[in-house]
Amino acid sequence: QVQLVETGGGLVQAGDSLRLSCAASGRTFSRYAMGWFRQAPGMEREFVATISRFGRNTDYADSVKGRFTISRDNAKNTLYLQMNSLKPEDTAVYYCAAGPYVKSISEYEYWGQGTQVTVSS
């Protein structure tokens, strides 16, 4: 089993940057691909980015491509999401998840509790 805890959210202005972290418990972190997802108020949870088990492959939603970077440090059991050039439409609760290297939300097995990101205009 994997427990995930996200940190790093906050209130920023449009154009600012934030880095989210997701700390994983246990010694099984590298067994899983990892993903970031987000959910805005009144909206369904959506895919943001995913990274393969050892970080060789990444994939992004079109809406964040070129602005967000997913990375991981398996030695530290930590997943990151560097978010640059933030826009008000990036406002959401951001979740990390462990599972296969896919975009489909339903395929991910373990989820964190989420961290709020608010971008003001």
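Helices (H or I, at least four residues) and strands (E, at least two) are DSSP runs, numbered from the N terminus. With that convention stated, I shall present two places in this chain.

This is a predicted model, in which local features need pLDDT of at least 70 and side-chain atom pairs count only at pLDDT 80 or more, while totals for chains, interfaces and linings use all residues. Residues are numbered from 1 along each chain as its sequence is written, and side-chain values use heavy atoms, with hydrogens and water left out.

Let me turn to the disulfide. A disulfide is a pair of cysteine sulfur atoms within 2.5 Å, and by this rule the count is one. The partners are cysteine 22 and cysteine 96, with an S to S distance of 2.0 Å. Cysteine 22 lies in strand E3 (residues 18-24) and cysteine 96 in strand E9 (residues 92-99), so the bond links distant parts of the chain, 74 residues apart. The link is right-handed, with 60° about the S-S bond.

Are these cysteines buried or exposed? Buried means under 20% relative accessible area, exposed over 50%, and partly exposed in between (1.4 Å probe, protein chains only). Cysteine 22 is buried because its relative accessibility is 0%. Cysteine 96 is also buried, because its relative accessible area is 0%.

Serine 120 counts as partly exposed because its relative accessibility is 29%. Which residues does serine 120 contact, leaving aside its neighbours within four places in sequence? Contact means heavy atoms within 4.5 Å, and the partners of serine 120 are Val12, Gln13, Ala14 and Pro88.
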